[in-house]
Amino acid sequence: MHLATYLGLLHTSLTTLADAFREVGRGHGEEPDVRHTCQVLADLADQQAEALAPVVRRYGEHREDEPERLHAAGLESTRGGPVGLLRDLQDLYTLASLTDITWTVVGQAAQGLRDRELLDVVNSREQDTARQLTWLRTRIKQAAPQALIAAG
């Protein structure tokens, strides 16, 4: 059974996403909404990882031998300026999308296993990722015109 591989991927993507949100919030602190909202969304990712912990303890967490294929790379630093903010938000969106589809895959496995506990975790926490994606999409739309047209 490869569920442990996807639980590992989900757990890694959640912790990486939380760290990346914090990095973007710190790196773009001049944007008050970014600093505050990134912290809130990082805390949300931490809560998701905590909710997943009992299931990870039960099934285990396996790391694939192909890290380049199943790896959530984080943000080591942020870029400066309006275009930098836009690109950092896109990086966050990519990480959140990986997390979102991994919740979907794990949810499908939970249904196949008829694992009520895992289904409850997926159903209660995958909406957090949807919230993260919604905010990111909205903030990207807001940042794009300024970064691509107005910034000099």
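Predicted model: local features only at pLDDT ≥ 70, side-chain atom pairs only at ≥ 80, totals over all residues.
At 74% relative accessibility, Arg-114 counts as exposed, and its place is in the loop between α3 and α4. Although Arg-114 is not a glycine, its phi is positive, at about 55°.

Of the 152 residues, 43% count as buried. Among the contacts between residues at least 6 apart in sequence, 79% join residues at least 24 apart.

Two packed helices are described by the angle between their axes and the distance between the axes.

| Helix pair | Axes come within | Crossing angle | Handedness |
|---|---|---|---|
| α2 and α3 | 13 Å | roughly 25° | left-handed |
| α1 and α4 | 13 Å | roughly 35° | left-handed |
| α2 and α4 | 10 Å | roughly 160° | left-handed |

In the pair formed by α2, which spans residues 32–59, and α3, which spans residues 81–113, the axes cross at roughly 25°, and the two helices are therefore roughly parallel to each other. On the α2 side the contact involves Val-34, Cys-38, Gln-48, Leu-52 and Tyr-59, which meet Leu-85, Leu-92, Trp-103 and Leu-113 in α3. By class, the residues of this contact divide into 8 nonpolar, 1 polar and no charged.

Helix α1 covers residues 3–27 and helix α4 covers residues 116–150, and their axes cross at roughly 35°. Leu-3, Leu-17 and Phe-21 of α1 make this contact together with Leu-118, Gln-132, Trp-135 and Leu-136 of α4. The contact of α1 with α4 has 6 nonpolar residues, 1 polar residue and no charged residues.

The axes of α2 and α4 come within 10 Å and cross at roughly 160°, an angle that makes α2 roughly antiparallel to α4. The residues of the contact between α2 and α4 divide into 13 nonpolar, 6 polar and 6 charged.

The nonpolar interior can be described next. In soluble globular proteins, nonpolar side chains tend to be buried together. In this model the largest nonpolar core has 23 residues, of which Leu-17, Phe-21, Cys-38, Leu-89, Leu-92, Trp-135 and Leu-136 touch the most other members. The elements that give two or more residues to this core are α1, α2, α3 and α4. Another core, of 15 residues, lies apart from it and has Leu-3, Leu-10, Val-56 and Val-121 among its members.

Thr-104 and Val-122 are 18 residues apart in sequence, and their C-alpha atoms are 8.0 Å apart in space.

Key
Residues numbered from 1 in each chain as written. Heavy atoms only, no water. Axes fitted to C-alpha atoms, helices over the stretch in contact; angles between N-to-C directions. Helix = DSSP H or I, 4+ residues; strand = E, 2+ residues; numbered from the N terminus. Parallel < 35°, antiparallel > 145°, perpendicular 65-115°, else oblique. Left-handed = near helix turned anticlockwise from the far one by under 90°. Contact = heavy atoms within 4.5 Å. Nonpolar A, V, L, I, M, F, W, Y, C, P; charged D, E, K, R; others polar. Core = buried A, V, L, I, M, F, W, Y, C linked by side-chain atoms within 4.5 Å. Buried < 20%, exposed > 50% of the residue type's maximum accessible area, 1.4 Å probe, protein only.
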